Amino acid sequence: MSDTPNDSSAIDPAVRAELTRLRESIDNIDAAVVHMLAERFKCTQQVGVLKAEHQLPPADPAREARQIARLRELAESARLDPAFAEKLLNFIIAEVIRHHETIADGAR
């Protein structure tokens, strides 16, 4: 038995149990995040169809700016780094716009 930090047999059983409990919570939260993103994308797909049907542009910079400001405020109140929250939303927005462009291309 080694006492090195990377040797799991050296970890105190109480610490191991707490790590397991916390990691199970993280796994549950990750699953919830994936399901929430899936629901969000179902809604944005409907927005994309509506935009395509009415020849509206795939991107809405004013809406995106409002959403980023809103999300930064939410992040601050939740004690989450607002810059991280903005990066995450920008990543999601870019994917949504890509979907909307694909939908619009298919409608032409």
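What share of the accessible surface of the protein chain belongs to carbon and sulfur atoms? In this predicted model, the share is 60%, out of an accessible surface of about 8,400 Å². Buried residues account for 19% of the 108 residues in the chain.

The fold is built from helices. The protein chain contains three helices and zero strands. Its elements follow the pattern α-α-α along the sequence. The radius of gyration is 21 Å, whereas the globule rule gives 13 Å for 108 residues; the value is well over that figure, so the chain is more spread out than a compact globule. Along the principal axes, the C-alpha atoms fill a box of roughly 65 × 30 × 20 Å.

Contacts were examined by sequence separation. Of those between residues at least 6 apart in sequence, 53% join residues at least 24 apart.

Charged side chains were considered next. The protein chain carries 14 positive and 18 negative side chains. The centres of the two sets are 5 Å apart.

Arg63 is 48 residues from Val15 along the chain. The C-alpha atoms of Val15 and Arg63 are separated by 46 Å.

How values were computed
Residues are numbered from 1 along each chain as its sequence is written. This is a predicted model: local features need pLDDT of at least 70, side-chain atom pairs count only at pLDDT 80 or more; totals for chains, interfaces and linings use all residues. Side-chain values use heavy atoms; hydrogens and water are left out. Helices (H or I, at least four residues) and strands (E, at least two) are DSSP runs, numbered from the N terminus. The radius of gyration is taken over C-alpha atoms; the globule rule is 2.2 Å times the number of residues to the power 0.38. Buried means under 20% relative accessible area, exposed over 50%, partly exposed in between (1.4 Å probe, protein chains only). Contact means heavy atoms within 4.5 Å. Accessible areas come from the Shrake-Rupley method with a 1.4 Å probe; for residues, only the protein chains shown count as cover. Lys and Arg count as positive and Asp and Glu as negative; His and the chain ends are not counted. The place of a charge is taken as NZ of Lys, CZ of Arg, CG of Asp or CD of Glu.
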